[in-house]
There are 2 protein chains.
Amino acid sequence: MPHRGAQSLRETLRVPLGVSVDLTAYGTRATPGARNGKDAARADTARMGEHLAGLQERLWAAGTAGDHRRVLLVLQGMDTSGKGGTVKHVVGQFNPSGCRIHAFKAPTEEERAHDFLWRVRRALPGPGEIGVFDRSHYEDVLISRVRHLAPPAAIGSRYGLINDFERELAEKGVTLVKCFLHLSYEEQRRRLLRRLDRPDKHWKFDPADIDERALWPAYQEAYELALERCAAPHAPWYVVPADRKWYRNWAVSRLLLEHLRELDPHSPPAGFDVAECRERLLRQA
Amino acid sequence: MPHRGAQSLRETLRVPLGVSVDLTAYGTRATPGARNGKDAARADTARMGEHLAGLQERLWAAGTAGDHRRVLLVLQGMDTSGKGGTVKHVVGQFNPSGCRIHAFKAPTEEERAHDFLWRVRRALPGPGEIGVFDRSHYEDVLISRVRHLAPPAAIGSRYGLINDFERELAEKGVTLVKCFLHLSYEEQRRRLLRRLDRPDKHWKFDPADIDERALWPAYQEAYELALERCAAPHAPWYVVPADRKWYRNWAVSRLLLEHLRELDPHSPPAGFDVAECRERLLRQA
């Protein structure tokens, strides 16, 4: 927990609005805010897990009484940047029954027959839920841009469509927490080699990942544009240094905690006579 | 972990086939198989959590390579018997991205316009997934029977329809693990009173639960019929004593572990040349 008066991690990691983004200026091994190193951060992550679960329960409880608020964690990043690991270790701290997790793959034929936000709308969390996107609508301005999967004009128009969509979500009570897991080129190589070293991880490896890696500069540029054009006060982008897994888990937990605390959900009051119910229960044979 | 040669918990808790079920003969505070008490069982549950997550990853990995197998945990039990707690504490040990959890509520208008299995089919886990039903199609022979929500003949025919459905699931590779969380009438009263004592838990309380409780004997009878008529070698019912939460969590974890070990899923072998991929990665600038 930061000390009283310390800068929030949200302020520290948030992409500033209205300026161009240069990802080379953001460290991938940095650990902003985690002052006491790895072991302390891990212990802090576990502690935060309990707070997160408690806040989630209140968010859910409020949802049962008509509160429309919900959270949507969007995870983006290059292969091996830890999107799946974040779901496992950070989202795994929540009660799974209140989570709605969706991993976006290459669009199916049915999905391609609709506009690019169609499948995204179907995967949104309901009131009281914690939604998680492992990849998201941003792929439509990332791989689509780098791999020329749509005409440039179509891709160009998507930034505005995404902004409109995210404004609509915010107005519906969705708190957007968009995290770019910022990995270095070298660390990605280490992680891919480690997957090759472990036969039980071969299923996670796709030789096509090596081809994608050759397009690293184009991807970084596409991310810079996405972060620059689609950061908004109601839909901030956070750049999370991701070379160190313990930091990534700590930082995403912390960002979620800060957002949930700001939401400050409350369990609804009893809509019934508590004393009378107690009596009825005690009277039953 | 049981000692070599010890009876599996599946054998211990499984409802025997072809005999009538008398729930009063099953203890609700018993702890079969958990020989060393609460603290040891809790530690064992945490240890099992790691094995469960490992087996889940292999099940998922196998699913990516065409293995159709999956698990479906069905949780049934009276109010406060701990269905939600089991999801939180037992299912919470899995990687949430490989879980598909569905809580069945009173059917919506759309759901009522279809046959009773329609909404159940839509909530099934996919290959490689761990599915969890918090309540299930069994409600259609439980509350429906007790509350006369359908004509007796319709309800009578549902047992056979459920058996056909579950056989079809088993043939598709679904391992069914059906747990009846067996709670005592007295323990339910304690738990309901505890909810009333805690304003932050009032949202979980519904005065209608007290009316349901008045129908306790009818519910027990409906459960006995369901357990008797719908237990099969490919779709066993387990009676899990549920008055002690630590035992319930231990037992459901243990049942899942035994089933997953029997499935023995394997990560698929690499469908690519590992050495060549390593070289390509090392060659990249």
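This is a predicted model: local features need pLDDT of at least 70, side-chain atom pairs count only at pLDDT 80 or more; totals for chains, interfaces and linings use all residues.

Stop 1: Show chains A and B at once. Rotate chain B by 180°, with 0.0 Å of shift along the axis, and it superposes on chain A with an RMSD of 0.0 Å. That is the relation of a two-fold axis. Now look at where the chains touch: 100% of the interface residues of chain B are also interface residues in chain A, so the copies meet through the same surface.

**Stop 2: the annotated stretch.** Select residues 38-263 of chain A. An unreviewed UniProt entry annotates them as "domain: Polyphosphate kinase-2-related". Over this stretch the chain is 52% helix and 14% strand, and its end C-alpha atoms lie 29 Å apart.

**Stop 3: the sheet of chain A.** Stay in chain A and colour the strands. Five of them make an open sheet with parallel pairing, in the order S2-S3-S1-S4-S5. Which strands stand at the edges? They are S2 (99-103) and S5 (237-241) of chain A, and each has a single partner strand, so one side of each has no neighbour in the sheet. On average, neighbouring strands here are turned by 20° against each other, ignoring direction.

Zoom in on residues 130-134 of chain A, which are strand S3; S2(A) pairs with this strand in the parallel sense over five bridges. Pick Ala103(A) and you'll find Asp134(A) of S3(A) opposite.

**Stop 4: Ser184(A).** Is Ser184(A) buried or exposed? With 16% relative accessibility, Ser184(A) counts as buried, because the cut-off for buried is under 20%. Beyond its neighbours within four places in sequence, Ser184(A) is in contact with Thr28(A), Trp216(A) and Asp243(A).

**Stop 5: over to chain B.** Select S1 (residues 70-77) and S3 (residues 130-134) of chain B, which pair in the parallel sense over five bridges. Leu72(B) has Gly131(B), in S3(B), as its bridge partner. To finish, show helix H7 (residues 152-171) of chain B: H7 lies across S1 and S4 (174-182) and runs at about 130° to S4(B).

Definitions and conventions: Residues are numbered from 1 along each chain as its sequence is written. Chains are lettered from A and ligands numbered from 1 in the order in which they are written. Side-chain values use heavy atoms; hydrogens and water are left out. Two strands pair if DSSP finds at least two bridges between them. Helices (H or I, at least four residues) and strands (E, at least two) are DSSP runs, numbered from the N terminus. Contact means heavy atoms within 4.5 Å. Axes are lines fitted to C-alpha atoms, for helices over the stretch in contact, and angles run from 0 to 180 degrees between N-to-C directions. Buried means under 20% relative accessible area, exposed over 50%, partly exposed in between (1.4 Å probe, protein chains only). UniProt positions are given in the numbering used here, feature names are shortened, and annotations may be inferred rather than shown by experiment. Copies are superposed by least squares on the C-alpha atoms of residues with pLDDT of at least 70 in both.
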